[in-house]
Amino acid sequence: MSASSLISLSGITKTYGRGHAAFQALKGIDLEIDSGDFLAIMGPSGSGKSTTMNILGCLDTPTSGSYRLKDVQVELLERSQRALLRRHCLGFVFQGFNLLPRTTALENVELPLIYRGEPASSRHEAARAALAQVGLKGWESHTPAELSGGQQQRVAIARAIVTRPEVLLADEPTGNLDTRTSREIMDLIVSLNEELGITVLMVTHEPDIAAYARRVVHFVDGFLDSDERKREIL
Amino acid sequence: MFWNTLLLSLRAIRRNLMRSFLTVLGIVIGVAAVVVMVTLGNGATKSVSDQISSMGSNLLMVMPGQRFGPGSDAAPSFKSADIEAIRSQISSAEWVAPITGKSATTVYQSKNWPTVVSGTTNDYFHAGNWELSAGRMFSDAEERGGKAVCVIGETVRQKLFGRQNPVGSEIRVKEFSCEVVGVLKSKGQSGMGSDQDDSIIMPLRTVQRRLTGTQDVSRFTVSVRKGASIDAATKQLTLLLRERRKIGENEEDDFRVMDTRQITQTLTSTTKILTMLLSAVAAVSLLVGGIGIMNIMLVSVTERTREIGIRLAIGALEREVLLQFLVEAVVLSSMGGVAGIVLATLSSMALAHAMNIPYLFDVKINLLSFLFSAAIGVIFGFFPARRAAGLNPIDALRHE
């Protein structure tokens, strides 16, 4: 694999607890991800796919092994440096949407920009543009409670992409949605990947959803079991 | 960064209006209660000591019986002869004013006003530092002859005469009419719930003949000459009265001599104790307010932990999240503190006015209760957040 890959995991392990209660969730993962790729991570529950996702998203740290994102050795970073990495390079979409309640769509989308210190005018503009991009033009002043599940997930996607991140991490993004809405959300994610070149890393346990990705890796029991490329990069 | 944090804090406050309102309310009530209690207590204390100092610092008040206050416990009243004896035998007594009082309704034209009629002599005006705003005191002939003349207090003048000049008018007191010869200059409202200006002064003999029907003097006031010892005068007076009232060597006094200093001490210490008691009650309400805030904060901790998780996941630094929560807590508790002080100022002004006591702004207690409320808000608002912000973002997101 090339040294120019965007993400490189080597020998990643993760152990929860200590002594007899210790549980090894990851038992040595090696993974290279190229910039612009669309990777689906599959596997049964407890296989370590979510743990890998959290480590990739700099939300959690590996017990051992090395994780390089661009040219940064993530495992060497402090807590606050990891936060800055999340702020500048990563966007998150969660299964449970995780929007701030009683807060308008626009303000939810603005949030990452506030932490980036963007001035108010460019912040509003960028947030409106991101909402328009996910098809929510006109819904700016609605709160999550006034939006459907699919719309909430669109707001979450807008929040994730408003900072133009290099990597979008999606943890079961369609887990709480019906089939039709799932398809719409996946089409949106695919278009973000293809049109904006955002690298997408997605955890899912549904083969239908994984089928949208170009590359699918399977986890079993803390190991990487298979790695298949579904579509060729054009 | 600070402006962004302020923006985030204000948005969080607006987002949780009910919670914010309850937090502020707890502090408002606590602060207002403490400040009002202490302010009114201080005002009452001040008014009592003012009133007593307006009587003069060199007065001895003599009344029958051992009980403090008006009325007597079966001890005999004084006689006019007692007053004469004091005048002639106690050299340090400058003025000796016998007083005998009775409440009566006074009428002028269509207006009437219930007040207290005190029979005394011109010595009363000198001893009590009373000045006249109009008219004159009593003449010797009026005092000796028990003429129907009176000097009225400022309150009585206002109630009966309004804007008219009362001097020379006749007012009716019970069944007889009486000429107003003078008006007392106002001494203001008093602290013991009584109005010093609400009285009518007549010659002693007039009151004895026409109102009480006896030769008794119910109490008297002695002013001690400047430079003379008050304690010595008290002792002489006590000895003289014991002798005249034929009290045996082993018997206790059946009268009481008090100097103004003593009265001041008694009354101010009473009001101080009351102030302390009320303040303690108020402090409890501040504490209860604090506990209310703690409840609200703890109840909302689950939601807020998730919120902290979201913020951390999208790239907020731990210290940015903490600063936001700190600013939120400070903004809410200062709003509560300021509102509490404003409420306290308005209500203690109104209450002080209604209770006829002066309004004194006490910087110390305002500052103290403000700081205390701020501390409560910060402690209960900030520390749960500190714990949550220390979690891994992923744990905070999953918090149930």
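Two strands count as paired if DSSP finds at least two bridges between them. Helices (H or I, at least four residues) and strands (E, at least two) are DSSP runs, numbered from the N terminus. With that in hand, Arg68(A) stands opposite Gln73(A) in β5(A).

A word on the model: it is predicted, so local features need pLDDT of at least 70 and side-chain atom pairs count only at pLDDT 80 or more, while totals for chains, interfaces and linings use all residues. Residues are numbered from 1 along each chain as its sequence is written, and chains are lettered from A and ligands numbered from 1 in the order in which they are written.

**Chain A**

Chain A has seven helices and 10 strands. Four of its strands make an open antiparallel sheet, in the order β2-β1-β4-β5. The edges belong to β2 (23–33) and β5 (72–73), each with a single partner strand, so one side of each has no neighbour in the sheet. Strand β4 (residues 64–69) is held to β5(A) by two bridges, and this pair runs antiparallel.

What about the overall build? The radius of gyration, taken over C-alpha atoms, is 18 Å for chain A; a compact globule of 234 residues would have one near 17 Å, so the two agree. The globule rule here is 2.2 Å times the number of residues to the power 0.38, and the radius is the C-alpha one. Along its principal axes, the C-alpha trace spans about 50 × 40 × 40 Å. Two residues are in contact if their C-beta atoms, placed from the backbone, lie within 7 Å. Of the contacts in chain A with a separation of 6 or more, 66% involve residues 24 or more positions apart.

Now look at helix α5 (residues 149–161) of chain A. From first C-alpha to last, its 13 residues reach 18 Å, close to the 18 Å expected at 1.5 Å a residue; the expected span is 1.5 Å times one less than the number of residues. Because 10 of the 13 residues are buried, α5(A) is largely enclosed by the rest of the structure. Among the buried ones are Gln152(A), Arg154(A) and Ile161(A). Their cover includes β6 (90–93), α3 (105–116), α4 (120–133), β7 (167–171) and α6 (179–196) of chain A.

**Chain B**

By an automatic or database domain assignment, chain B splits into domain 1 (2–51 + 266–398) and domain 2 (76–253). The C-alpha centres of these domains lie 53 Å apart.

In helix α6 (residues 154–161) of chain B, Val156(B), Arg157(B) and Leu160(B) are buried. They cover an arc of only 100° around the axis, so they sit on the same side of α6(B); the arc is that of the directions from the helix axis to the C-beta atoms. Just after α6(B), Gly162(B) takes a positive phi of about 60°.

Strand β7(B) has Ile171(B) and Val173(B) on its covered face, with Glu170(B) and Arg172(B) on the uncovered one.

| Strand pair | Bridges | Residues opposite each other |
|---|---|---|
| β3(B) and β7(B) | two | Thr106(B) and Val173(B) |
| β7(B) and β8(B) | four | Ile171(B) and Cys178(B) |

β7(B) and β8(B) also form a hairpin with two residues between them, and Lys174(B) in the turn has a positive phi of about 50°.

Technical notes:
A residue is buried if 20 or more other C-beta atoms lie within 10 Å of its own, exposed if 12 or fewer, and partly exposed in between; C-beta atoms are placed from the backbone.
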